[in-house]
Amino acid sequence: MLRIDTVVENIEVGSASVDIIKQAARIIKSGGLVAFPTETVYGLGANALDEAACAKIYEAKGRPGDNPLIVHINEGFELVRLAREVPPGAQALMGAFSPGPLTVILPARPGIFAHGYGDTVAVRLPGNMAARLLIHHAGVPIAAPSANLSGSPSPTTAAHVLADLDGRVDMVLDGGACKHGMESTVVDFTDTVPKILRPGAITQEMIANVIGKVEIAGCGEAAKSPGMKYRHYAPSAKMTLVIGNPASVSVKILELLGQSDAKKPVILVPTGDKALYGEAPIMLLGRRIEEVTANIYAALRRIDELGHDEVFVQGVVESGLGLAVMNRLRKAAGNNVIIV
């Protein structure tokens, strides 16, 4: 692809931030690409109503053409401009958790958005103020997947964006590290029973408290949401995920470490379990599950930056936020998953 001179602007502090965001909005309106911070991960944005602009997202990321995009909107946007209908459950859920890390999938209005799955559209109202200002000044909804090369760990800092997309996008807005560090929860409202297609910070329990029954999508279901069909979030290093109680997992990982012919292996482990690994090479993910969630993508990127050629990952309990963490780790590990 043609190389672009990527402009990087810091919007964390200073009165000039609004002018910078207005400049980024002009790029969006003119059909260009802007990487911007959200409370989940950095997004790679284009005018959602401009099919040619959205096509640039796929080219910049090397993204498969059948992997759908999420449309980011602002408060006051009339969803009926994109959706044929907005079921009461979707309205209630957005009322409870938007702005925030929630995406709803709705039946699409024909001919409006070309990059959904079939006749659906995925919509989210981000909580990050810079993202909302960008949408406001652009005056259009913004389609935005994560601002990384397809398949690699999602970016939670502007430096991560540049490592993957420098020269492929027009501008990067540097708003510091993302709050949650993991993509939004995606809930599908196009079937009889609402279904979580991608877990995130809005957990199954939180959703059920608002709308009642909600299912979790199984393997092999239609890829209405990003993150369902392809291997995602993976470092270049060989990765093995080991699942079970921490004591048993540590025994298995140390056994695998002893059998490995890797030149520079490493173990990813929650901080509270570091004593289980003795003098083995480890990288700590944090003590609380919120810390693990926020740190996991940065850790997967750090593995490659430090030259590790194999990584063993201790799984976490698959409930609450842990469900989202394990969803991403399973995707990153591919078939290299061991249950003990």
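A pocket is an open set of points on a 1 Å grid over the protein atoms alone, with protein on both sides within 12 Å along at least five of seven lines; a residue lines it if an atom lies within 4 Å of a point. A cavity is a set of grid points where a 1.4 Å probe fits but cannot get out.

**Before you start**

This is a predicted model: local features need pLDDT of at least 70, side-chain atom pairs count only at pLDDT 80 or more, and totals for chains, interfaces and linings use all residues. Residues are numbered from 1 along each chain as its sequence is written, and side-chain values use heavy atoms, with hydrogens and water left out.

**Stop 1: the whole protein**

Show everything as a cartoon. The protein has nine helices and 16 strands; these are DSSP runs numbered from the N terminus, helices being H or I of at least four residues and strands E of at least two. The C-alpha atoms fill a box of roughly 55 × 50 × 35 Å along the principal axes.

**Stop 2: the five-stranded sheet**

Select strands S12 to S16. They form an open sheet in the order S14-S13-S15-S12-S16, with parallel pairing; strands pair if DSSP finds at least two bridges between them. At the edges are S14 (282-284) and S16 (337-339), each pairing on one side only. Neighbouring strands are turned by 20 degrees against each other on average, direction ignored. Axes here are lines fitted to C-alpha atoms, for helices over the stretch in contact, and angles run from 0 to 180 degrees between N-to-C directions.

Zoom to S13 (residues 265-269). Three bridges join S13 to S14, and the two run parallel. Find Leu268: opposite stands Met283 in S14.

**Stop 3: helices on the sheet**

H9 touches S12, S15 and S16, and its direction makes about 135 degrees with that of S12.

**Stop 4: the second largest pocket**

Select Pro270, Gln314, Gly315, Val316 and Val317. Of the 17 lining residues, these lie nearest the centre of the second largest pocket. Its volume is about 220 Å³, the space filled by probe spheres set on grid points joined across faces, edges and corners.

**Stop 5: the second largest cavity**

There are two cavities of 30 Å³ or more. Select its lining, including Thr185, Ile196, Gln204 and Leu323.

Methods:
Contact = heavy atoms within 4.5 Å.
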